[in-house]
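Reader: I would like to learn how to read a sheet and its charged pairs from a set of coordinates. Please take one feature at a time.

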Amino acid sequence: VLAGSDHPAQGQRKLALVGPTGVGKTTTIAKIASYYAMERNWNVGLVTLDTYRVGAVEQLRIYARLLGMPLEVVSDYAELSHALERLGDADLVLIDTPGHGPGDEPALGRLAAALGRQEALEVMLVVAATLRRQEMRRVMRCFRPLGYDRLIFSKLDEAGRLGEVLNAWNESGLEVSYFTAGQRVPEDLEAASAEALCRRLLVRPA
C-alpha cells in the first residue's frame, strides 16, 4: 500500500520496484498499476528501465496497452528524468527496473545512482518468498544502496516455507506493502499484514 491518502493531493507519486531477476517485478508493477487505476481512479504512467531482458519491454507494453496507460521505455539511465517529465500529468508513476544478482555490485551501483538522482522517489524491494532465509538476507543487504524502505514479498503461492517470510520481515524492521501469489492482474495482489500471512501459514497443508 502506498503511504498517504486515497488521492495524491501532495503531488505526483513515483515508485520504483527493485530486486533480483525473476522475482516478478514487471507483473507486480502491472498489478499495482491496475489497482490504482481501476479502484482509486488515479492516472497512472509506466516507465521501464529493463531493456536487457528478452521480452521485458513487450510484456510491459502489453499491460500498458490493456490498461490504457502511457509507457516510457528508457534504455539510458541518463534519460530517466526526461521520461518522468513526460509523465508529469500522472498521479502515480511506476518504474520497472532490471533484475540484477545480489553480487553484481557494478550494475547495482549504476542503478542506485540513477534512482538517487530522482526527487521524491519511493523504492520498494521485491523479495521472492521462495528464497531461504540466508538468501533473503543477502538480497536485502546487497540492494541496500538502492535506498529501499519497504518490501514486497512475491510468489507466496510457490513458497514451501512461509515462516521464512515472517522471519525475514521481523528481522528487516521494515514495512511490507504487498504480497503477491499468482499471475492474475490485479487479483493476485494483496495488502500485506501479519494477520494475512499467519492465515496462509495456518491453512497451508502439511
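This is a predicted model: local features need pLDDT of at least 70, side-chain atom pairs count only at pLDDT 80 or more; totals for chains, interfaces and linings use all residues.

Reader: In which sense do E2 and E4 pair, and over how many bridges?

Author: Strand E2 (residues 44–48) pairs with strand E4 (residues 92–96) in the parallel sense, over 5 bridges. Within this part of the sheet, Val47 stands opposite Ile95 in E4.

Reader: Now the charges. How many salt bridges does the structure hold?

Author: Side chains of opposite charge can pair when their charged atoms come close. The structure holds 10 salt bridges. One of them joins Arg150 to Glu122, with the closest N and O atoms 2.4 Å apart. This pair links distant parts of the chain, since Arg150 is in strand E6 and Glu122 in strand E5, 28 residues apart.

Reader: Are Arg150 and Glu122 buried or exposed?

Author: Arg150 is buried, and Glu122 is buried too. Both belong to a network of salt bridges that links Arg13, Glu122, Asp149 and Arg150.

Reader: What does Glu164 form with Arg133?

Author: Glu164 and Arg133 form a salt bridge whose closest N and O atoms are 3.5 Å apart. Glu164 is in helix H6 (residues 163–172) and Arg133 in helix H5, so the pair ties together parts 31 residues apart in sequence. Glu164 is buried, because its relative accessible area is 12%, under the 20% cut-off. Arg133, at 30%, is partly exposed.

Reader: Where is Arg184 found, and which side chain does it meet in a salt bridge?

Author: Arg184 is in the loop between strand E7 (175–180) and strand E8 (189–191). Its side chain meets that of Asp188 in a salt bridge (2.9 Å, N to O). Asp188 is buried, with a relative accessible area of 11%, whereas Arg184 is exposed at 51%. The C-alpha atoms of Arg184 and Thr27 are separated by 8.6 Å, although the two residues are 157 residues apart along the chain.

Key: Residues are numbered from 1 along each chain as its sequence is written. Side-chain values use heavy atoms; hydrogens and water are left out. Helices (H or I, at least four residues) and strands (E, at least two) are DSSP runs, numbered from the N terminus. Two strands pair if DSSP finds at least two bridges between them. A salt bridge is a side-chain nitrogen of Lys or Arg within 4 Å of a carboxyl oxygen of Asp or Glu. Buried means under 20% relative accessible area, exposed over 50%, partly exposed in between (1.4 Å probe, protein chains only).
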